[in-house]
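Please look over the sequence and the model first.

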Amino acid sequence: MTNVDPFLGLPTGQLLNEIASEKPAPGAGSVTALVVAMAAGLVAMAARLSRDEWPAAASVVERAEDIRGRVAPLAAADAAAFEDVLIAMRLPRHLEEEVREAAIDNALVRAAEVPLQIAREAAEIAELGALVAERGNQRVRGEAVTGSLLAASAGRAAANLVTINRGADQGDERIGQARALVASAETAAERAVAAR
């Protein structure tokens, strides 16, 4: 049985319409995953065009493509996790309060895991983009820098979703992890912009 991704198979115009629609998904988490996948594509392209002057470019291509392959499906995973939150929140109010609250909290924990993974992938792409900007073909530096900046921005947005989903539990370690990933990605993006 083949698993069909509900977003990756859509034509771009239709995907943009889906994002702008009244439907709850694809929402913010799905969009961050797609942006990181696009950023990974830009970094992979810039690294491919840097292979003649930079021997390590081939390994950067491989890493960027691996990340792109992992992060793109997270768009659908985020939508599914968000749907689980909505289902939990619609549980009847006459249920025992503890049971209902536990179901909602469990769904929110799962909903925080996906954007945390997106933030992890974003931080790595931001770093790879900085490496390509610093060492790669300067004719495609703009693509590498753009990939790094997009990844850092999407990572920040994904980290914000972690905080929102775990807002009731500010001591949740995922929030600290997400913030650390944002700091790492933003430092990498700054390096990318500064590269000459």
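The model is predicted.

**Helix H4**
- Helix H4 covers residues 74-89, which makes 16 residues.
- From its first C-alpha to its last, H4 reaches 22 Å, close to the 22 Å expected at 1.5 Å a residue.
- Its buried residues are Leu74, Ala75, Ala76, Asp78, Ala79, Ala81, Val85, Leu86 and Ala88.

- Glu121 has a relative accessible area of 3%; buried means under 20%, so Glu121 counts as buried.
- The side chain of Glu121 is joined to that of Arg70 by a polar contact of 2.7 Å.
- Leaving aside residues up to four places away in sequence, Glu121 touches Val36, Ile67, Arg70 and Val71.

**Helices H5 and H7**
- Two packed helices are described by the angle between their axes and the distance between the axes.
- Helix H7 is formed by residues 173-194.
- The axes of H5 and H7 come within 8 Å and cross at roughly 20 degrees.
- Angles under 35 degrees count as roughly parallel, so H5 and H7 are roughly parallel to each other.
- The crossing in which H5 passes H7 is left-handed.

Methods. Residues are numbered from 1 along each chain as its sequence is written. This is a predicted model: local features need pLDDT of at least 70, side-chain atom pairs count only at pLDDT 80 or more; totals for chains, interfaces and linings use all residues. Side-chain values use heavy atoms; hydrogens and water are left out. Helices (H or I, at least four residues) and strands (E, at least two) are DSSP runs, numbered from the N terminus. The expected span of a helix is 1.5 Å times one less than its number of residues. Buried means under 20% relative accessible area, exposed over 50%, partly exposed in between (1.4 Å probe, protein chains only). A polar contact is a pair of N or O atoms within 3.5 Å; within protein, one must be able to donate a hydrogen and the other to accept it, and residues adjacent in sequence count only if both atoms are side-chain atoms. Contact means heavy atoms within 4.5 Å. Axes are lines fitted to C-alpha atoms, for helices over the stretch in contact, and angles run from 0 to 180 degrees between N-to-C directions. Angles under 35 degrees count as roughly parallel, over 145 as roughly antiparallel, 65 to 115 as roughly perpendicular and the rest as oblique. A crossing is left-handed if the near helix is turned anticlockwise from the far one by less than a right angle, and right-handed if clockwise.
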